[in-house]
Each structure stands twice: as structure tokens, then as C-alpha cells.
Amino acid sequence: MSTAPLLVLCALGPEVWALRGGDWSGAAGGPPVLVRTGMGRRRAGLAVKRLLTAAPGGYSALVVAGFGAAVAPGISPGDVIVADGVRDAEGNHFAIGSGPTLAKALQAHGLTTHIGVHHTADHVVRGLERRALHAQGALAVDMEAAAVLARLRELHPAARPGGADGGPPPAAVLRVVVDTPERELVRPGTLPAGLRAWRTLRATVPALVAWHAQASATAGAAPAGASRAGQHPPVHPTSSTLPQEAS
């Protein structure tokens, strides 16, 4: 049985572009499926639901990746923040057990990496609101991850992650920092920080390959996406089947 590919969800086209140009050689399941969901929780949630229902078991792991903002001091543009949990404004919390493994892989490839809670907001967070989120234990803020994880929970409410019982694929969340409390987007210097973050996001690819290989091996003896008797292999989406971009 063959391993299904990795599904990578990004909000923005430049994030997909950065990741597509990385070194995916040796990736378990072949090249990843890279999808631009669009910004915000609603779009991200709709995209992942459509992808996972269109190809049940079609992905052996899922990553939400892209740019984000740090809410804690002492983090620099271009650093990577890996989630060990994601929460939203409604108080929902989604634990992510893969965080330490992915962080270790990123560090092994020379990337400055932090690990902690990500907060998913429905707007751009600045100033005092960032300080409040940090006081509540967050390290980073984004606008999509919680919606993706909520859809996974909705589709697999009681299944064991990555299991042969039809559980959700192993999931990970990472954000490359573009702006920080000391250097917010509205301030000069954002463009160089953005270029640094773009290069770093591309440089995460070998670590994602290593993490995916480990996650796929751990997921069980029946890899997601393996065809069974009487079943057709899953059909992965193309740009003609999604409102955004996929490859």
C-alpha cells in the first residue's frame, strides 16, 4: 500500500509560491497537495471540509503553514512558531501533539523555532490586543488554523488521530513571523521582514518532509489513501475543483 500525500493549506498565494519552490524530494506520498484557501476562518473551514469530504482518506497528514504575527516579545521576523495548541475567540482549544516533533525537525535544519499556543482571530491584531493575548498564554496569532482544526474535529468527532479506524490525519500548524510587537506591519521595515519570512517559509520544506515521513510511519499500518478492494483511489483536487488554488 502506498502512502497518501501531505496536504498543505495556506491562506495566501505567496505562501503557496514559497512552499512550492522548496525541496520536496523524497516526500512520502510524492509531491504535496498545496492549496490556497483564502484568508479568514470561514474560507479556511470551507476549503478543508471540501477537500476532506471529496477525498476521504486522501491525505496522510495535514499542515497549516504560512505567515503570522508574534504576540510575545523577543521573537524576530523570520523566526518560526510551531503550535502545540490552537485556540479561538470563542474559547475552543485544539491540542496538537505533533508540535515538538515538527519543532525539532525545523531546528535540525537550522531554523530559529519557538513552540507554543497560536490564537486564531477574525481580524488583524495590534497593540494592546497583542499584549492581552500574550498575557493569556499565546505566542502567535493567525486567522485560519482554528477553523481548519475545528473542521477536522467535526468530521472525526471521536476517532483516534491517524488511526486505521478512519481518524483524522495527523495535523501540524506553523507560522513564520512577519511582524512582532516591536515591529508591527504599519511600521517601516515591513518589506525586508516579509522577504525574510518568505525565504524562511521556503526553507521549512525539508523539515516538513521529515515530519511527514515520521507522521506517516506512526499513523498505522493502513496509510490514509491506500486503495482497498472495491474502492477507487481518492481523487485529489485541482484548480478546477476548488475556488482557490491547488496543485
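In strand S3 (residues 61-70), Val64 is the bridge partner of Leu9, where strands are DSSP runs of E with at least two residues and helices are runs of H or I with at least four, both numbered from the N terminus. The model is a predicted one, in which local features need pLDDT of at least 70 and side-chain atom pairs count only at pLDDT 80 or more, while totals for chains, interfaces and linings use all residues. Residues are numbered from 1 along each chain as its sequence is written, and side-chain values use heavy atoms, with hydrogens and water left out.

| Partner of S3 | Sense | Bridges |
|---|---|---|
| S1 (residues 6-10) | parallel | four |
| S8 (residues 171-179) | parallel | eight |
| S7 (residues 138-142) | antiparallel | two |

Towards S8, Ala69 stands opposite Asp179, and towards S7, Ala70 has Ala140 as its bridge partner. Because 10 of the 10 residues of S3 are buried, this strand is largely enclosed by the rest of the structure; buried means under 20% relative accessible area, against over 50% for exposed and values in between for partly exposed, with a 1.4 Å probe and protein chains only.

A cavity is a set of points, on a 1 Å grid over the protein atoms alone, where a 1.4 Å probe fits but cannot get out, and its lining residues have an atom within 4 Å of a point; the points are joined across faces, edges and corners, and the volume is the space filled by probe spheres set on them. Leu9 and Val64 belong to the lining of the second largest cavity, which also includes Ala11, Glu144 and Arg175. S1 and S3 each supply at least two residues of this lining, which has seven nonpolar, one polar and two charged residues.

Gly38 is found in the loop between strand S2 (33-36) and helix H2 (41-54), and it counts as buried because its relative accessibility is 3%.

Helix H7 (residues 205-218) has 14 residues, which should span 20 Å at 1.5 Å a residue, and its end C-alpha atoms are 20 Å apart, in agreement; the expected span is 1.5 Å times one less than the number of residues. Among the buried residues of H7 are Val205, Leu208, Trp211 and His212.

Key:
Pairing = 2+ DSSP bridges. 1 Å grid on protein atoms, 1.4 Å probe; cavity = no way out; pocket = protein on both sides within 12 Å on 5 of 7 lines; lining within 4 Å. Nonpolar A, V, L, I, M, F, W, Y, C, P; charged D, E, K, R; others polar.
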